[in-house]
Structure formats: structure tokens, C-alpha cells
There are 2 protein chains.
Amino acid sequence: MTGVRVAGVGLTEFGRHPERTGRDMFAEAALAARTDSSVPVDDVEEINYGNFMGSLAERQGHQAPLMAEMIGSRCSATRYEEACASAGVAIREAVRSIRSGENDVVLAGGCERMTNLSTAEVTEGLSTAADDLYEIRAGVTFPGAYALMARAYFDRFGGEREDLAHVAMKNHDNAMPNEYAQFHREITVEEALDAPMVSEPLGLFDACPVTDGASAVVLVSEEYAAANDLDAPVSVTGSGQGGDSLALQNRKQLAVTPATERAAAEAYEDAGVTADAVDLVEVHDCFTIAEVLAIEGLGFYDPGEGIGAARRGETTATGERPVNLSGGLKAKGHPVGATGGSQIAEMTRLLRGDHPNSEYVENATVGVTHNAGGTVASAVVHVLEVDR
Amino acid sequence: MTGVRVAGVGLTEFGRHPERTGRDMFAEAALAARTDSSVPVDDVEEINYGNFMGSLAERQGHQAPLMAEMIGSRCSATRYEEACASAGVAIREAVRSIRSGENDVVLAGGCERMTNLSTAEVTEGLSTAADDLYEIRAGVTFPGAYALMARAYFDRFGGEREDLAHVAMKNHDNAMPNEYAQFHREITVEEALDAPMVSEPLGLFDACPVTDGASAVVLVSEEYAAANDLDAPVSVTGSGQGGDSLALQNRKQLAVTPATERAAAEAYEDAGVTADAVDLVEVHDCFTIAEVLAIEGLGFYDPGEGIGAARRGETTATGERPVNLSGGLKAKGHPVGATGGSQIAEMTRLLRGDHPNSEYVENATVGVTHNAGGTVASAVVHVLEVDR
């Protein structure tokens, strides 16, 4: 089985770009990734594209061949939809495509256009990632669902809103130098605690923003990288995916995320690493409590221990294992279908040493990305390693 | 690389079932496929699910983990969206998953719920498979788009409406004994020619119906089939996928389908067969002209020669190479996200000898399925072979 190298990565600026179409944004990210990789477009054999709500936001389904066309290719192209983990599964299938020997060069990533919609339309669109029959019709929205998970966590393990405020503050700090981030604004714990409540116990700064943006990654086989003398020091060495019930009501408990646990176990085994070996992490912090659940599900903390990690400084840029050096979904932004690809792009930059925050992890060799769908009904985990 | 066996197939009755949810229909098809296969649910390692417009028709995205839940599984599950070829790509990824050695048992298929919508809503939903900016806003609908392709074909190669009427009549004949088909009604050439015009030159009987339904297939590795002593005589020996521009305006000509040609070339090479070796075919006849374009794109006829195939009796049940013995999309029905899986299920039944139309192909060993997205902006081709 061949190894998989990250030959290049590309991102658009994340933020409010209501005038830009999805095809426009993905083309920019894909061109940037190709330029970064030095791989000619004719060598791209497959395009794996993540998108969540394009049929609602742009009345545009069947986006994959459109995205191929936008970059001047007629290669086979497929859209993956796994709610907020759409690009994560697109990347995962690209890894499988290369490992199986079928293709040497796959372009994978995703895009989401959101801010052209009204707040009500976005809320309704996002809610289609939960169970329409048993959650949405009962009035559950995503802030509400994650608030239920936060309450369950506090009830079972303890913790308080101030712990979550430290997660938000950390991620805003990390986003400050990131040229692709939606927010470049430091916040304090007091600001977070004093902000308007969205759904008790989650306030405004516990939630990620609504974001437009795109991500793209060029993945190649070891053999292609060698034959073409590519500068591609980062490899994808592990990939895993896990599932859970779509509706929260069908889970035994809400303060743990078995889909993340399953995806992590598979990815670690695939890479031949343990959680202890991981130097830095990008996790799916659509809400601050989601970061806590993720670092526990990934095995970095025992259940109930992750809540204090940011407050204790263990997951900050200067901590022992930095989490979300990109700024995370919380401060970098969360263009739903692009996020899983953005995590791979940011981790690659961090490990290669060309990310504004690379200075904090100069000796890091192993990074993990974690992309989750809905209330973690699905999760995708990747392990990336760099030649040092 | 391991071989891939079809261990079992399942279908719901295709037709108008506006009261049934997508999850309900897919669960029925998946249970039928599991029962047919004798594979226990705990052995299913991955679910690949095709769906096109669930976020419009049911306000339900993120359907893959929901479908896993419906069959009592928490395995990793992914939704594929490639317009009308959604289940085709889901099947293709299942083949790759098994061949790569990652999994031994994958359940793949798809579902679409459509008749709960109004005609206007369905037309609008289906139109999202074309280019919103450059086709839909200019007034193009799918019957209109295929009418343009039919006109281009007639202009370039000749042919007339009566040729297409023979395609419709043939497929209605084939659907007669099929217990899963939407229509059990013979039609005559005169009826087809006298039917109301939908979009010149395509009349009512040139178009497939709006359909609810689901399909599921259990695919397993050769090793798993042997170890568990499964009765699984049919193998998937070839898989290919091709792309083209989304919008018709960006193609050099409309009377050929390069996406089909690319997918077929890849699938034939993969299986080590030529078009001449193929005994029977299930093609994507969303409109009668689409069947003509498909049998040419698949290499069974030179360009311009396929139009008369049904009229000459070559593609009928008793012809030399029967096309759409299931009844095709035209008469069996076209639940968009389910169709690619239905084709694999029907081909398997035909080759195994347990399809009502198996009597016509008793000595057949090689079958081909062809699933297309939109105006063939994407195409997926599979080769199936049976042990005799």
C-alpha cells in the first residue's frame, strides 16, 4: 500500500463573502492548492468535493462536476455530504483512492456559501444536519443541541461556563495572526461570560460564526511525489471514520462522543501511533463544549478532565499539546463543507513550518485533525506526520 | 487486490409512496438485501448511501448515519450526491473500499422520496442537477435539456420520434413481469406518438416518471464470501467514472456523451473485457434519447447507429443484446438517489437467474450497468460477471 503525501494546500479567506458563489470560492482554493503543489491540472485524476447545503443556499446540486469544470478538468468528481464533516469524508476517500493504487493525484476539499442567506434560513439549513422527525420538529436547533450536551457534561463531570470561556479566548488568540481567519480580535474571559446567552449555558462566544469559504488539498502517492521531485514533507498516515445515532435522544448519554472514539481508534491504528505521540491537534469546535468533548474522545484526556485543559493552559499555543492553533471553527470560521479540508490545510502548514503559528510547534512531528458532523453523529479523524 | 462479490440485493416497490419516509424505504431495501445475503448486521463495516434531494424533499441532510441507525448499525456511513448517479458512486466507493483491503462487507445503495412534493417542487428540485447560473435561470428544465440533446442527435445523425417510441415500448414490455416496477402497462408505438408533447421532440412516453423507492446491495470480498460459504455467484469486476461540463453550453456537441465513454473505457479496462463481450445492459434511460446516447457511449453502437436499435429488435428481450430488461428508468421508475443501486440489484438478479426476465438471458455471463448524472455531466459504469 502506497503512502499518501500532501503536495499542496489552498484556502480562501474565511468570512462574510455573500457576493461570492461557491464555484468562485472553490476555484480560488483549488488554484492555490495546485500552485502550492506544482502539480499540473492534467495530472489530477479525481476530485473529491465536500458541501453540505448548496442545494438550499444556491439551488445547486451536482456540484462536483461543476467544480472540476471550474479548474479546467473533466476528471471524475464526486460530492460528499456528511453535514459539517463533508470535507473530512472527501479527504478520507482521497486517501483510499491513492492507497488502493487507483489514482496517484487527487484534489480534495470543500466549500460552503452561507452568508447570502438570512439568519433564519441558515438556522433552518443547518438544522437539516439533525433528525428532522425527532429533533427539528420538536424545536431543537444546533445551539440548543450542544447546550444539552454541555449541560449533560456539567451534570456528570462538573465544570462551568468560565472553563468554556477559556476555550473561546484561546482560539481567538490563535486566530490573531492567521491570514485566513474570520476573526482577528482578542477576547477576554469576562467578555465571553458577559456576552448574550444563545442557549444556556452557551453564550455568543461559545458558538462559531456563520462563514463563507473554501478549502483544497492536493494529495499524491509517495511514488508520484518522488518521481516528480515534489517538496511534500507531510504525509497522511492514518484515517478513521465513526458513526453514532443521528438524534441525541437515541444515545445512552450525551457527555461522550463514541463516533469520535471510533474514528480515532481506527486512525491511530492505521497510523501506528497512540494518543500520547500526538503533538498538536485541530478539532471540530463548532461550540466550545465540542472542543472539550473532542479532546476527550480523541484520548488526550480522560472523561471529565478535558473541561479544564484550556484554563490550565495545556492546550494553548505555548501549552504541552496545542489545540486549534488555526483559531478553530470558533475564530477561524466554519464554512461547513470546507472545514474538514481547512483542518488538513492548516495542519500541513503548521507541520511544514509555514503557518504563522508554526513557531509554537517547531519540533512537532505528529498532528491530528478531527472533523465532526451534526452532534457528532459522524466523525472523521486523520493523522498527519512530517519528515524532520 | 481482492475480488468483490454481490452477496445480496434488496429493493422496495418503485412507485408513488408519498406517505413513506426515506428512512423507512431504505430500511426495507437494506433489510431485504441483508436477508438475501445471509450477512449479519454486525458484519457490515461501512454504509455508502446515495441520495440527491433529501434536503429539499424531507428537509433532511446528514442522512447516512441515520440510515445506519435504521438498520441497527453504528458503522461509518457516508452520503454520496451525484444527482441521478448518486447510488452509482456509492456502489463504486464500496468496490474501492473492499478492493483496498480496508473492509470486507459494505452495504451500498440509495433512496429518494419525491412524490410527497408538488410537480413544481419536483421540477425545481431536479433542476438543481443542472447549472443554476447558466441553465436553470435561462429556463432550462430536464425535459428541455434532453430535448435539446435529441434535436442535436436528429440533426447530426438522423432518426425520428418513432425510433424513440420503440425504446419506450420495449421498456414498458420489459417492466410487465417485474414485481418492483412502477408501471405494469404495455404501450404501443401509436400511443407513444399520440401522447401529449412535453418538450419537442420528447412526448410523455419519452420521459421516466417521478418515483419513490430505495435500493440496497451487500458487497463482500472474495475471502469473506468463501469463509462464510455464501451463495454469491455474481462479481463486480469493473468500475469506472467519468465527468463532463455541468452545463450543456460548455460542450462542443450535444449528440455524444463523453462522460459515459470515459466511464466505460475505465470499467472495461478494469474488468478486462471489451464491449463485444457484454451480454446485457441496464442503462440510464431517464428519457428515451438517453438510452440511445448510452448504448453508443458504451461502445455497443457507432454514433448514429443506436437510434434504430430498439426498432430493429436488437435491444429487446429477445434481441442479441437486451437493454433494460428491468424496464429501465422509463418503466421501472426513477427514484433518483436509488437508481444506481437498483441497476446493480436488477443485473444481479438477471445474471443469477432469479429475475422474472432471466429466461431471456440464460447463458449471459457479462452485464453492464450505466448510471448518469444530470445531462451526463457524470457517469458511472460497472461490469458484473457471473460464475456459470
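Predicted model: local features only at pLDDT ≥ 70, side-chain atom pairs only at ≥ 80, totals over all residues.

User: Which residue in S10(A) is the bridge partner of A:Val281?
Analyst: Strand S9 (residues 280–282) of chain A pairs with S10(A) in the parallel sense, over 3 bridges. In that pairing, the partner of A:Val281 is A:Val368.

User: And over how many bridges do S10(A) and S11(A) pair?
Analyst: Here the strands form a hairpin with 4 residues between them, and A:Gly374 takes a positive phi near 60° in it. A:Val366 stands opposite A:Glu385 in S11(A). The pairing of S10(A) and S11(A) is antiparallel, and the number of bridges is 8.

User: Moving to helix H10 of chain A, how far apart are its end C-alpha atoms?
Analyst: H10(A) runs over residues 258–271, which makes 14 residues. At 1.5 Å a residue they should span 20 Å, and the model agrees, because the end C-alpha atoms are separated by 20 Å.

User: What do the buried residues of H10(A) pack against?
Analyst: The buried residues of this helix include A:Ala259, A:Arg262 and A:Tyr268. Just after the helix, A:Gly272 takes a positive phi of about 70°. The packing partners of the buried residues, all in chain A, are strand S8 (234–243), helix H11 (288–297), strand S10 (366–373) and strand S11 (378–386).

User: Is A:Gly61 buried or exposed?
Analyst: A:Gly61 sits in the loop between helix H2 (54–57) and helix H3 (63–70) of chain A. Among the residues that A:Gly61 touches are A:Gly54 and A:Ser55, along with B:Phe52, B:Met53 and B:Thr128 from the other chain. With 31 C-beta neighbours inside 10 Å, A:Gly61 counts as buried.

User: What kind of axis relates the chains?
Analyst: Chain A can be laid on chain B with an RMSD of 0.0 Å by a turn of 180° and a shift of 0.0 Å along the axis. That is the relation of a two-fold axis.

User: Which element gives the most to the side of chain A that touches chain B?
Analyst: The contact takes 46 residues from each of chain A and chain B. Elements giving two or more residues to chain A's side include H2, H3 and helix H4 (86–99). The one that gives the most, with 6 residues, is S3(A).

User: And which residue is the bridge partner of A:Glu81 in S3(B)?
Analyst: S3(A) pairs with strand S3 (residues 76–81) of chain B in the antiparallel sense, over 3 bridges. For A:Glu81 the partner is B:Arg79.

User: Last one: what is the radius of gyration of chain A?
Analyst: Chain A has 13 helices and 11 strands. For its 388 residues the globule rule gives 21 Å, and the model's value is close to that, so chain A is as compact as a globular protein of that length. The radius of gyration is 19 Å.

How values were computed
Residues numbered from 1 in each chain as written. Chains lettered and ligands numbered in written order. Expected span 1.5 Å × (residues − 1). Buried ≥ 20, exposed ≤ 12 C-beta atoms within 10 Å, placed from the backbone. Contact = placed C-beta atoms within 7 Å. Least-squares fit on C-alpha atoms with pLDDT ≥ 70 in both. Pairing = 2+ DSSP bridges. Rg over C-alpha atoms; globule rule 2.2 N^0.38 Å. Lists of a residue's contacts leave out its neighbours within four places in sequence.
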